[in-house]
4 protein chains.
Amino acid sequence: MSTPPKDSPTAILLVSCPDRPGIVAALSAFLYENRGNIVDIDQHVDPGEGVFFMRVEWELDGFAIPRENLAISLAPLAERFEMRWDLHFSDVIPRAALFVTKENHCFYDLLSRHESGELRMDIPLIVSNREDLKPVAERFGIPFHHFPIAAGNKAAQERAEIALLREAGVDLVVLARYMQILSPLMTEAFPHRIINIHHSFLPAFPGARPYHSAHQRGVKLVGATSHYVTEDLDEGPILVQGVVPVSHRDTVQDFIRKGRALEQTVLSRAVWLHLKRRTLVHANRTVVFG
Amino acid sequence: MSTPPKDSPTAILLVSCPDRPGIVAALSAFLYENRGNIVDIDQHVDPGEGVFFMRVEWELDGFAIPRENLAISLAPLAERFEMRWDLHFSDVIPRAALFVTKENHCFYDLLSRHESGELRMDIPLIVSNREDLKPVAERFGIPFHHFPIAAGNKAAQERAEIALLREAGVDLVVLARYMQILSPLMTEAFPHRIINIHHSFLPAFPGARPYHSAHQRGVKLVGATSHYVTEDLDEGPILVQGVVPVSHRDTVQDFIRKGRALEQTVLSRAVWLHLKRRTLVHANRTVVFG
Amino acid sequence: MSTPPKDSPTAILLVSCPDRPGIVAALSAFLYENRGNIVDIDQHVDPGEGVFFMRVEWELDGFAIPRENLAISLAPLAERFEMRWDLHFSDVIPRAALFVTKENHCFYDLLSRHESGELRMDIPLIVSNREDLKPVAERFGIPFHHFPIAAGNKAAQERAEIALLREAGVDLVVLARYMQILSPLMTEAFPHRIINIHHSFLPAFPGARPYHSAHQRGVKLVGATSHYVTEDLDEGPILVQGVVPVSHRDTVQDFIRKGRALEQTVLSRAVWLHLKRRTLVHANRTVVFG
Amino acid sequence: MSTPPKDSPTAILLVSCPDRPGIVAALSAFLYENRGNIVDIDQHVDPGEGVFFMRVEWELDGFAIPRENLAISLAPLAERFEMRWDLHFSDVIPRAALFVTKENHCFYDLLSRHESGELRMDIPLIVSNREDLKPVAERFGIPFHHFPIAAGNKAAQERAEIALLREAGVDLVVLARYMQILSPLMTEAFPHRIINIHHSFLPAFPGARPYHSAHQRGVKLVGATSHYVTEDLDEGPILVQGVVPVSHRDTVQDFIRKGRALEQTVLSRAVWLHLKRRTLVHANRTVVFG
């Protein structure tokens, strides 16, 4: 390993495969022999599932294999160990669409972190089922697309959305308090590429109005959960969770207010982790190399 | 209000009643006119239920009404405002029975806090469905009673336990990782007088093996919940909750280990609050004047 | 006490005085006799200082004393108990100026919470020693005033700022990562009316570059502290503190990134508490009726 | 890597060396070629210091090199990369001495976790400058050694303690709220082998009576810090930190009470990490492979 010169581009390889001896040795030898200067490496074995996970990041400057040949060069290793793998390059900026409804706090939080450079992504467009937040999108100069959802039109609207997202080269969808349930059409179009924020400590209080349910139950902490969206509502792999204390003095409105700061923190952290390619999914759980 | 001389005995009045104007004025006038020096006062209105709650603590030294007449003197006020109320004296030490099974961490934690004087209670006896922790009880010189629970004998055993508890003057039961479900026999004998620690962030993962379920779900925080025990398992009014972060690196055994420290902290805090008479229950929720 | 009809205006009285018997009785009787429906009441005694603190909020609808006569009507009580007191009305919206430099995260967070109605205040103007965030102010349609600070001009600039703030009727100044030290000119002009966010867990790491110092020391948590600004830098009464875990994997840049979400949460909470008139100051400490 | 059969003994190698390419490749090849089944591997580069750290754990069953030859076999690699390294075997149980004074909570917590098997160590003896906790040691059947410290006798007493510790084969000293400052005699005898718990969030409130100082300052969180003890009081490398919220309602006694649960949690976690050989020290900071 070695400290990277600032801003030199890196390659990031995410691997999962059946666990067996020699994987680390083989991969680190491959990189060493090709003069790949490793700047970060992390691995994990899920002993229950018998699966090995690795994330390795190395500098492209000085690396013997041109990036366009890298997939082919890796193929023998990948085959030998039956790897599923993803390869990313740090200078290829992900393109994210934000889905919003009317709550502005997560939306502003993502926009301000984008503006400050913390979240390294392009935001080619905003999608909403309402027009409440159109002025915010306009303020930031980002195209706003209104797809009202009514009885019977969800499939048609989602198809139109998917077409729009594909045309815009979107590879990540962030549901920033988007108050519509996605159909399988959408979740299958972007597998493990849609991040949601749910305003409870899942699996407690799934579904609608979780703060009301939490207040009714008399909990002493309220939570927020960011997860990849799958077909099963609120059941996707969890990325980040957080909680904040509440007491008998707090009304439902106070739960909602206290939860807001938590939601934006939890969602922004999940998006950051995804953009840094620090997340893998297996058996509906995440490995997060934080 | 005034600062209490150290160790002067106090009276503690816990009140709940329909909310209406004049309650604070009437109660504080009653105390002032009888030269009751208030050392702590707290109140709360549940706006949804329209219920007023108050805890007021005042010095008995110098108070015009002898403690044995206090209930009678309060009666007109209580009647006027339709109060439910409890009266406690700080120099009457509560008597608590600890119920344990085989996990020792909450048990030791309660015993050490008792020994240091933090938890001001007498512990006349220990109850267990197993004999694993008998040596610990013996080490501390506390009588240990073994009530094995087998198919068909629970009612009989609980009746014997209740008789024993009553004989020993027990007014609080603490389930310190007691791995048996109580029947209504027991919960009705000690309403809001039995405190349990459940090793999850309720209402997530009720029932058995919550750490296994939490691990299976892939949560990023594990929790613990201390609550009063009611007829409905894991559904009683919540007193204290806490969480601790976990990651993909943590096995179920790690969840259990990390959870231990949390369980003892959460349970000890709940017991402390109860002993200080800082808790009220209404509509299956607690008011905790922390 | 009684549940308030939604949006009926309330009066809020903040009191501190030498602790002695009868204060609660006298004040609650005063309100009851004048048909003041108490919606929230909280009190505290600092036993070391012998000081009594109270916050009481009651409905103006139906209250026997017109708000313009209230100060006069309270005078005898205030005199009897040697009270320092402040009186606020919930329908009088505070006017806050935001001071910023170049970090945008606290600024956006305050603006979005203002826009959503969570922070009930008017923001007549923004002050900055730089022009970096002028576009953000313009986006929100708020006048932006640039007061560059250079060697020798601070006193003159602060005098101009104070004149501007007074002209705009500002009664609260929020330093949203404003990177200039205020002189006594400013702090004396707005005593306990200036809220700062310091990016460390004070009193650890006061002064400049706290994240660098924290990283150098190898801490495992980084903190943020919101406090009222006094003459003594980073020594003012603390309103809110928070922490977030860090590890050896985190660089200074990671500390800064993780700290951002914390800073905005901590600052917004402090501003909310101030706007709700839930804070009192005594002996350089705060009483926060949260 | 591969899932270990339960309870098969493992070797744990802790390495630090100047960072340069090829270290991971060389070490993982060494293990693979000798049929060492890696069960856990973690590494870190400190980019500021240019230092590489690694912890690797592999099964001894099936490993080609007998454990008594391992140091010699590793020597060429260690020399090539200028490694500082430590080698441990999981079936060699560390021997820890607990130092106590009069607070019992950390002491009981360590004893109960030892009893339950969570902390895998032998405790051959207890050392104290007072006799308060002698009954607790006796209850657990652990020899208790009383070394009263008075003016002028500290050096002599520490020499006697060191002799005792050496005779007992102690390789870890845990200061479980031991209220004496160690001299360099002791800290040099057990470098990075003495773990302390300080009852504040260091570097805030070093020295004596930190809860009093924290209360005086009006903080909203109190902390605890576990660290390796070095010559400079409260300045050693930090292992674990935690905080718990406090408010204006909390007296110094409440700070102390709330801090207790935190101290025991933080100290037990630090001891667990050390026993699992998950900690390295460099430049007065720790790398904790948690």
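Reader: Which residue in E3(B) stands opposite B:Leu13?
Author: B:Val56 in E3(B) stands opposite B:Leu13. This is a predicted model: local features need pLDDT of at least 70, side-chain atom pairs count only at pLDDT 80 or more, and totals for chains, interfaces and linings use all residues. Residues are numbered from 1 along each chain as its sequence is written, while chains are lettered from A and ligands numbered from 1 in the order in which they are written.

Reader: How many bridges link strand E1 of chain B with E3(B)?
Author: Nine bridges, in the antiparallel sense, join E3(B) to strand E1 (residues 10-18) of chain B. Strands pair if DSSP finds at least two bridges between them. Elements are DSSP runs numbered from the N terminus: helices are H or I with at least four residues, strands are E with at least two.

Reader: And which residue of chain B stands opposite B:Val56 from E2(B)?
Author: B:Ile41. Strand E2 (residues 38-46) of chain B also runs antiparallel to E3(B), over eight bridges. E2(B) and E3(B) form a hairpin, with four residues between them. B:Gly50 sits in the turn and has a positive phi of about 65°.

Reader: How many residues of strand E3 of chain B are buried?
Author: Seven of the nine, so strand E3 (residues 51-59) of chain B is largely enclosed by the rest of the structure. Buried means 20 or more other C-beta atoms within 10 Å of the residue's own; exposed means 12 or fewer, partly exposed in between, with C-beta atoms placed from the backbone.

Reader: New topic. Where does the domain assignment put the bounds in chain A?
Author: Domain 1 is 10-89 and domain 2 is 95-288. Such bounds come from an automatic or database domain assignment. The C-alpha centres of the two domains of chain A lie 31 Å apart.

Reader: Now the chains. What superposes chain B on chain A?
Author: A rotation of 180° with 0.0 Å of shift along its axis, at RMSD 0.0 Å. That is the relation of a two-fold axis. Superposition is by least squares on C-alpha atoms of residues with pLDDT of at least 70 in both copies. B:Ala204 is the residue of chain B that comes closest to the rotation axis, at 2.3 Å (C-alpha).

Reader: What makes up the contact between chains A and B?
Author: It takes 24 residues from chain B and 24 residues from chain A. On the chain B side, strands E11 (238-245) and E13 (285-288) give two or more residues. The interface residues of chain B are 100% interface residues in chain A too, so the copies meet through the same surface.

Reader: How many residues of chains D and B are in contact?
Author: Twelve from each chain. Helices H3 (105-115) and H8 (252-275) of chain D give two or more residues to the side that touches chain B.

Reader: Last one. Which residues touch the most other members of the largest nonpolar core?
Author: A:Ala176, B:Ala176, C:Ala176 and D:Ala176, in a core of 320 residues. A nonpolar core is a set of buried Ala, Val, Leu, Ile, Met, Phe, Trp, Tyr and Cys residues joined through C-beta atoms within 7 Å. Among the residues that A:Ala176 touches are A:Phe99, A:Leu110, A:Ile197 and A:Leu267, not counting residues up to four places away in sequence.

Note on methods: Two residues are in contact if their C-beta atoms, placed from the backbone, lie within 7 Å.
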